[in-house]
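Colleague: Please pick a single part of this model and go through it closely. Then carry on to a few other places in the chain, in plain terms.

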Amino acid sequence: MSSSRYMEPWKIKMVEPLHMSTREQREAWIADVGLNLFQLRGDQVMIDCVTDSGTTAMSSAQWSALMLGDETYAGCDSFYKLEAAVKDIMGFKYVVPTHQGRAAENLLANIYLKPNDGKYVIGNMHFDSMRVRAELAEKEPLDFLAEPGYHSTDENDFKGNIDLEKVEDFIKKTGTENIPLIMMTVTSNTNGGQPVSMANIKGLSEIAHRYGIPFYIDAARYAENCYFIKEREPGYQDKTPKEIAREMFSYADGCTMSAKKDGMVNIGGFLCTNSDEIYAIASELVMCFEGFKTYGGMAGRDLEALAVGIQEGIDYTYLKARIGQIEYFGQCLDEYGVPYVRPVGGNGVYIDGMKFYPEIPQERYPGLTFACELYIHSGIRCAELGTSAFTKTLEDGTVVMPRLDLVRVAISRRVWTNSHIEYIAESIGKLYQSGSQYAGIRKKSHGLVAAQEHFTSGYEFIEK
């Protein structure tokens, strides 16, 4: 394997044993859950790469902070520590805590996506959480990802960018009254954890404000995005990630945050806004879904851990090691010629399912076939974010499949050593070289909510 170009800026203080298993056991387990990797038990997985959300290893400073948690119902001291930390990094006027990012999106949707509001929610590439919020509000989430973002193996520094020209043309054609909200996801999770440039964020902000449309950032992986801006965008090399974050958020009206990613915690999130009116509404709505506005569904101890973790997550030394491990993962896959999204994103490596198994047609789920076979082969669980996750059926019965059929091999923060990375890469590489033993997968049962049915649907292998 290629040698790493970085050293982890931490040492291991506590270990957790892996759940070892045999191929025969895994074949039985995955058959029992209808080939739905999300339905497996945690103790049936050896190395879990299904998500980087909530799977971070917390630091000693965070574990110490847990003991300072103030569990006062209203006005707890722990909230004010979190508020100060978020304002220091993001600069927004108001912070409303929630138990995770989906709850913050729920607040945002209840504020902006009302029945009589416009029909369309514009974004670079919506993830399933915001997509389902829009659809439940009977809105249509539209992706305006710039064309380079759809070409998985082509090199481009900012493949999360939105197509600004198409966005403005759509606004002119559709009318501002039909667009209640614009969201920018940084990094763009759906197409590989790909970053968005500062110029692109600023350009979208100018368009949104020119037409009076609220502009919010999905900030789950904002720190990784800031790192890529520092490393790749001219004019930012001498700025710290925190300075870049302050500029990035200055262009938005607010943000939603799943702190389970770059907040470096296992639970938590928040909604930020600069609007007095939106804050007043959010402060009352949060009580309907989460709790009082100063704890928002979180324990005081978790607010404390997040106040520390969000500062750790924007540290350049940490980010360099974090992205360095993902880059090393890609280098290991290169030795086997595995097709993945290039350049690597911030939260893992995304395998191109249609290139990995080109003999399997898209309607037979090549990406999901690969993900299931990888689990059976090596005990590694990952997540298909392609045909099973994002295919939709129109009102006239037309089936529209996504342009990309990706499998996210997410890497948890501060969890895996490079030996684990090498094992994952070798397992994927050997599977790529051997090819699939199946002709694909067919769906047997459907979940109830279209935008997230990949969490609950059932499948079966198609024999050759």
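Modeller: Aspartate 52 is buried, with a relative accessible area of 0%; buried means under 20%, exposed over 50% and partly exposed in between, computed with a 1.4 Å probe on protein chains only. The model is predicted, so local features need pLDDT of at least 70 and side-chain atom pairs count only at 80 or more, while totals for chains, interfaces and linings use all residues. Residues are numbered from 1 along each chain as its sequence is written, and side-chain values use heavy atoms, with hydrogens and water left out.

The side chain of aspartate 52 meets that of arginine 221 in a salt bridge, with N and O 2.8 Å apart. A salt bridge here is a side-chain nitrogen of Lys or Arg within 4 Å of a carboxyl oxygen of Asp or Glu. This pair links distant parts of the chain, 169 residues apart: aspartate 52 is in the loop between strand E1 (47-48) and helix H2 (60-66), and arginine 221 is in the loop between strand E6 (215-218) and helix H8 (222-232). The helices (H or I, at least four residues) and strands (E, at least two) are DSSP runs, numbered from the N terminus. Arginine 221 also counts as buried, at 4% relative accessibility.

Aspartate 52 also meets arginine 413 in a salt bridge, again at 2.8 Å from N to O. Arginine 413 lies in the loop between strand E14 (406-410) and helix H16 (418-434), and aspartate 52 in the loop between E1 and H2, so this bridge ties together parts that are 361 residues apart in sequence. Arginine 413 has a relative accessible area of 0% and is therefore buried.

Arginine 413 forms a salt bridge with aspartate 262 too, the closest N and O atoms being 3.3 Å apart. Because aspartate 262 sits in the loop between strand E7 (254-258) and strand E8 (269-273), while arginine 413 is in the loop between E14 and H16, the pair joins parts that are 151 residues apart in sequence. At 0% relative accessibility, aspartate 262 counts as buried. Salt bridges that share partners join Asp52, Arg221, Glu224, Asp262, Arg322 and Arg413 into one network. A search of the whole structure finds 22 salt bridges.

Next, one of the helices. Helix H3 (residues 77-90) has 14 residues and reaches 20 Å from its first C-alpha to its last, close to the 20 Å expected (1.5 Å times one less than the number of residues). Its buried residues are Ser78, Phe79, Leu82, Glu83, Ala85, Val86, Ile89 and Met90. Seen down the axis of H3, they fall within an arc of 165 degrees, so they line one face of the helix; the arc is that of the directions from the helix axis to the C-beta atoms. Their cover includes strand E2 (94-98), H8, helix H9 (241-250), E7, E8 and helix H11 (300-312), where contact means heavy atoms within 4.5 Å. Just after H3, glycine 91 takes a positive phi of about 80 degrees.

The aromatic rings come next. There are 17 aromatic pairs, counted for rings of Phe, Tyr and Trp (its six-membered ring) whose centres lie within 6.5 Å; planes under 30 degrees apart are stacked, over 60 edge-to-face and the rest tilted. Tyrosine 120 and phenylalanine 170 form an edge-to-face pair, 5.3 Å centre to centre with 85 degrees between the planes. Tyrosine 120 is in strand E3 (residues 120-123) and phenylalanine 170 in helix H6 (residues 164-174), so the pair ties together parts that are 50 residues apart in sequence. Ring pairs also link Phe356, Tyr357, Phe370 and Tyr432 into a cluster.

Threonine 369 lies in helix H14 (residues 366-378) and is buried at 0% relative accessibility. Not counting residues up to four places away in sequence, threonine 369 touches Tyr357, Ile360, Arg364, Ser436, Gly440, Ile441 and Phe461.

Last, the cysteines. A search of the whole structure finds zero disulfides, a disulfide being a pair of cysteine sulfur atoms within 2.5 Å. Cysteine 332 is in none, and the nearest cysteine sulfur, that of cysteine 49, is 13 Å away. Cysteine 332 is buried, at a relative accessible area of 0%. The sulfur of cysteine 382 is 7.1 Å from the closest cysteine sulfur, in cysteine 49, which is too far for a bond. Cysteine 382 counts as buried at 1% relative accessibility.
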